[in-house]
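Thanks for coming; I would like to walk through one model this morning, taking its pockets, then its helix packing, and finally its sheet. Please have the structure open while I talk.

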Amino acid sequence: MAAAWRRERPGTPTDSIEIVTPIWRLAKLFADDRTRVLRAAGIDAATLDLLSVLRRSGPPYALSTRRIARSTLVTAGAVSQRVARAERDGLVRRSAGSSGRRTVLVSLTPAGHALVEDSVDSVLGREASLVEGLSGAERTVLVGLLEKLDGAVRRRLDP
């Protein structure tokens, strides 16, 4: 692809194609596969994201909506919608926080805890099998390079 652009449009910056295009392709493959695994587990990605943030927080598995928004990188409105849907499904419970009258605390219910336990095993187990083609040393190198690229891109994009 890069060679074709260089041939057809000499001078076009093509250095990123061999990095960005495979990342986009892999992201699509991973996302499509994760959607299939989640569907089989009976959960959607947004709900898994919410339940996972709560589960990773440790006992008592409760966070403010503000902390959830920071951890999930979604807007407060999106968190509110996710929490409302999960609460309706019996997966989380909302309560008033102790730090302020406008603070809302979200906690896992036993049903939410059980669902996230099963779903995380399904998703992470599947994704572990997808990256088995890389040795441990290759994974370590790739993780370092991806962290470096992530930091550089974030610095370029942050105002």
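About 470 Å³ of space lies in the second largest pocket, where a pocket is, on a 1 Å grid over the protein atoms alone, an open set of points where a 1.4 Å probe fits, with protein on both sides within 12 Å along at least five of seven lines, and a volume is the space filled by probe spheres set on the points, which are joined across faces, edges and corners. This is a predicted model, in which local features need pLDDT of at least 70 and side-chain atom pairs count only at pLDDT 80 or more, while totals for chains, interfaces and linings use all residues. Residues are numbered from 1 along each chain as its sequence is written, and side-chain values use heavy atoms, with hydrogens and water left out.

Lining this second largest pocket are 17 residues, with R34, R56, V123, L124 and E127 nearest its centre; a lining residue has an atom within 4 Å of a point. Helix 2, helix 3 (45-56) and helix 6 each give two or more residues to that lining, and helix 3 has the largest share, with 6 residues; helices here are DSSP runs of H or I of at least four residues, and strands are runs of E of at least two, numbered from the N terminus.

The largest pocket holds about 740 Å³, and of its 18 lining residues I23, L26, F30, L142 and L146 are the closest to the centre. Its largest share of lining, 8 residues, comes from helix 2.

Turning to the packing, helix 2 (residues 17-41) and helix 6 (residues 110-130) meet at an angle of about 145 degrees with their axes 10 Å apart, the axes being lines fitted to C-alpha atoms over the stretch in contact, and angles running from 0 to 180 degrees between N-to-C directions. On the helix 2 side the contact, meaning heavy atoms within 4.5 Å, includes F30 and R34, and on the helix 6 side V123 and E127 are among the residues involved.

Finally, the sheet is open, with 3 strands in the order 1-3-2 and antiparallel pairing, where two strands pair if DSSP finds at least two bridges between them. Strand 1 (62-64) and strand 2 (92-96) stand at the edges with a single partner strand each, so one side of each has no neighbour in the sheet. The twist averages 25 degrees from one strand to the next. Strand 2 and strand 3 (residues 104-108) pair over 5 bridges, and R93 has S107 in strand 3 as its bridge partner.
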